Amino acid sequence: MQATTSIHTDLFFVGGGHTHAIVLRKIGMNGLPAGVRLTLITNLVDTPYSGMLPCHISGLYDFDQSHIDLRPLTRFANCRLIMDEVVDIDVNQQLIHCHHHPPMRYDALSIDIGSTPGTVSVPGAKEYAIPAKPVPNLLRAWHHYLEGLDQAQSATIGIVGGGVGGVELALNMQVRLQQVVGEAANIHVFHRGARLATGRNRTTQRQLAKIFRDRNIHTHLSESVCALEPATAGAVQVHCESGLKVSCDRVFWVTSASAAPWLARTGLSTDKDGFILVQDTLQTLSHSNIFAVGDVATMANHRRPKAGVFAVRQGPPLYNNLQRYFSGKSLKPFKPQRQFLNIIDLGMGGAIASRGRWSAESIWFRRWKHQIDGKFMALFDQFPPMVSGSKMTPESATMTLHCAGCGSKVSSSVLSRALNRARAEFPEMEHWSNPVKVGLDAPDDAAVVAMPADKLAVQTVDQFRAIVDDPYTFAQICVNHCLSDLFAMGATPQTVLALATLPYGTDTLQTETLYQLMAGTYQALAPAQTWLVGGHTTEGPELSLGFACNGWVAADQILTKQNLRPGLGLILTKPLGTGVLFAADMQRAAKGRWIEAAVATMVQSNQMAATCFQKHGVVACTDVTGFGLLGHLHEMLRPEVAIDLNLDALPVLPGAHTCFEAGYLSSLQKRNQQIEQHLHNPHPHHSNYPLLFDPQTSGGLVAAIPQNRVNDCLSALKTQGYSHSRHIGNVVPAVEGQAPFTIRG
């Protein structure tokens, strides 16, 4: 028997806005009632902090200073992170629909997705304007524009919308442009209102009007933009109803935002503008198990402007009400303040602070704002140190005893429901060539598979615990990792058996987890038309998955590791660094964008790379996994050959060098380094040197092909999506008395 807490409730956070960030930190500090599993779904692993965004545009703050990294935050909160964009919510079936995942079932839900760009009906705006949201698109366009100004003598931009957002954008863009082109930076602001900063007090509006005049920002008030048209040399001409025409290099659209269109079809209570209506408890008016906060929500009893200050203030009451909701207690109302402090950054040392009718300008207000913003961002950068074990709470004091052995098997109802749902997502399987005689269609004690008479069987097995929180993505990583052994042998995969361990929980939650696993499995098996024919499932404290893989190969097409000969070039198809990145991730020290870049390579199959190698005369091949690049290359050596390896040529995942420099290492790194005794002329101080021993999960293939075909092979690989492929070294004759690896760099 093993004592542990079973999961019985799924709470999903949709969107990584400011409110959810605060709630996740509070959960990490103080927890929720035992048995609640947390999941955050977001399409942005780096959430821009609105308070610091203008100063990021001006260059005062860098990217990391102005963005909340949700990856370490979710790990701190013990919350699963799923990278995707929600496109619909079925409130009747309690299902979340995303772009790239199968539907996910929830018990309770909180929505914090902010607002989206307002529907632009102005002709040409969609084609030639840059919307202020989504923010990542704005920043990409802004930085791309700056990069193109290196040799420019002047710069002219237009900003449509003179609200607070447009004002701050204009002031801070001017600062940055003047750093590049000096006084030849021209800013035009088009605003249909009679005053800038609509909604602010008259004193603030007068102060801003004077600042715009003093800084020579061209303000076009009471002007309605009616069209955008392309002009010469890539410029855009802005047309106003008054007849005014202004030619700009870029036009930024900062008018009022709107609610995500898909919310209208969910059945959730919404206001006339499509934003979700919520009670004082932050629950939606229509569904008590769904909460909404931030700009996406409108409080039915307290109408307030869409401002970041309210999103921040909603964090503590949302956390407290989630605590009470899952404890069966009555929820408490939240009443936002009527007046709030607003600080407008002027981009040049000062800021305007206002509250109600009061307003003033001072350099001290900017310093004050810097302290406020810095203190807020420190909440998501400075977590308490990790300790072994977990905090015991009154709710978790009573635990369930779970059996081991065959008593730990997952129930048959969980298996059948999950598999049926997953297979329904892939009707194309009916058209595959099917070697399976007895399999999941009619489950038996074992699978029976027909074997071609002229082929040899190739078999391999691997299993590991979840490296990412998302079971759908984890399954794809695991499938690709396991199938790579077959591809490296020149084999064609035919069938797999799954070995899965599901976290303790109710049948409903285990069904959902297994469904996500199997959907990801089928997704990864589909390109190779490989059949899942059975497997074994059990319960345990954490999620793990593995596969026994079976394939066929002709006797004269087997690729073994022992065929190396001088004159061959070595090609590596994927970048290195997954070991150190996930070692750092376990300590909440890896940035989310680094992990997402690593995941993008890990879900990529090696199948097309193997086919490409075969077309270019591959002689020997292996996949790079737990023993690291050098360990797997060492397995390929024979007494008469050596390898000349170029450290500078190694492809590297973003963040890997930083993690090594900070002292993070995979638990296998030192064991893998025992091979150093076989190195001639090592370069231990080279930044890529530790990557030689870094264990990889779902790593790339290393193939030996004739040197005269290397360039053509690399071009073909990159055409097929293996953009990181590199020629990393050559096979050379062994030198008597010299170590077999010569390291250059």
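Student: What relative accessibility does Arg-593 have, and which class does that give?
Tutor: First, a word on the setting: this is a predicted model, where local features need pLDDT of at least 70, side-chain atom pairs count only at pLDDT 80 or more, and totals for chains, interfaces and linings use all residues. Residues are numbered from 1 along each chain as its sequence is written, and side-chain values use heavy atoms, with hydrogens and water left out. Buried means under 20% relative accessible area, exposed over 50%, and partly exposed in between (1.4 Å probe, protein chains only). Arg-593 therefore falls in the middle class: its value is 29%, partly exposed.

Student: Which residue forms a salt bridge with Arg-593?
Tutor: A salt bridge here is a side-chain nitrogen of Lys or Arg within 4 Å of a carboxyl oxygen of Asp or Glu. For Arg-593, the closest N and O atoms of the pair are 2.8 Å apart, and the partner is Asp-64.

Student: How many residues apart are Arg-593 and Asp-64?
Tutor: Helices (H or I, at least four residues) and strands (E, at least two) are DSSP runs, numbered from the N terminus. Arg-593 sits in helix H15 (residues 592-602), while Asp-64 lies in the loop between helix H2 (53-58) and strand E5 (67-69). The pair thus links distant parts of the chain, and the separation is 529 residues.

Student: Is Asp-64 buried, exposed or partly exposed?
Tutor: The relative accessibility of Asp-64 is 33%.

Student: What distance separates the closest N and O atoms of Asp-585 and Arg-71?
Tutor: These two residues also bridge distant parts of the chain, with Asp-585 in helix H14 (residues 578-586) and Arg-71 in helix H3 (residues 70-76), 514 residues apart. Both Asp-585 and Arg-71 are buried. Their salt bridge has its closest N and O atoms at 2.6 Å.

Student: How many salt bridges does the count come to?
Tutor: Another of the pairs is Arg-37 with Asp-10, at 2.8 Å from N to O. Arg-37 is in strand E3 (residues 36-42) and Asp-10 in strand E2 (residues 9-14), 27 residues apart, and both residues are buried. By the salt-bridge rule, the count is 17.

Student: Which cysteine has the sulfur nearest to that of Cys-482?
Tutor: A disulfide needs a pair of cysteine sulfur atoms within 2.5 Å, and the count comes to zero. Cys-482 is in no disulfide, with the nearest cysteine sulfur 4.2 Å away. Cys-482 counts as buried because its relative accessibility is 1%. That nearest sulfur belongs to Cys-478.

Student: How far does helix H9 reach from its first C-alpha to its last?
Tutor: The expected span of a helix is 1.5 Å times one less than its number of residues. Helix H9 (residues 315-326) has 12 residues, for an expected 16 Å. Its buried residues include Leu-318, Leu-322 and Phe-326.

Student: Which residue in E17 stands opposite Ala-227?
Tutor: E16 and strand E17 (residues 236-240) run antiparallel and are joined by five bridges. Opposite Ala-227 stands His-239.

Student: Which residue in E39 stands opposite Gly-569?
Tutor: Seven strands form an open sheet with mixed pairing, in the order E35-E38-E34-E39-E36-E40-E37. In it, strand E34 (residues 568-572) and strand E39 (residues 726-733) pair in the antiparallel sense over four bridges. The residue opposite Gly-569 is Asn-730.

Notes:
Pairing = 2+ DSSP bridges.
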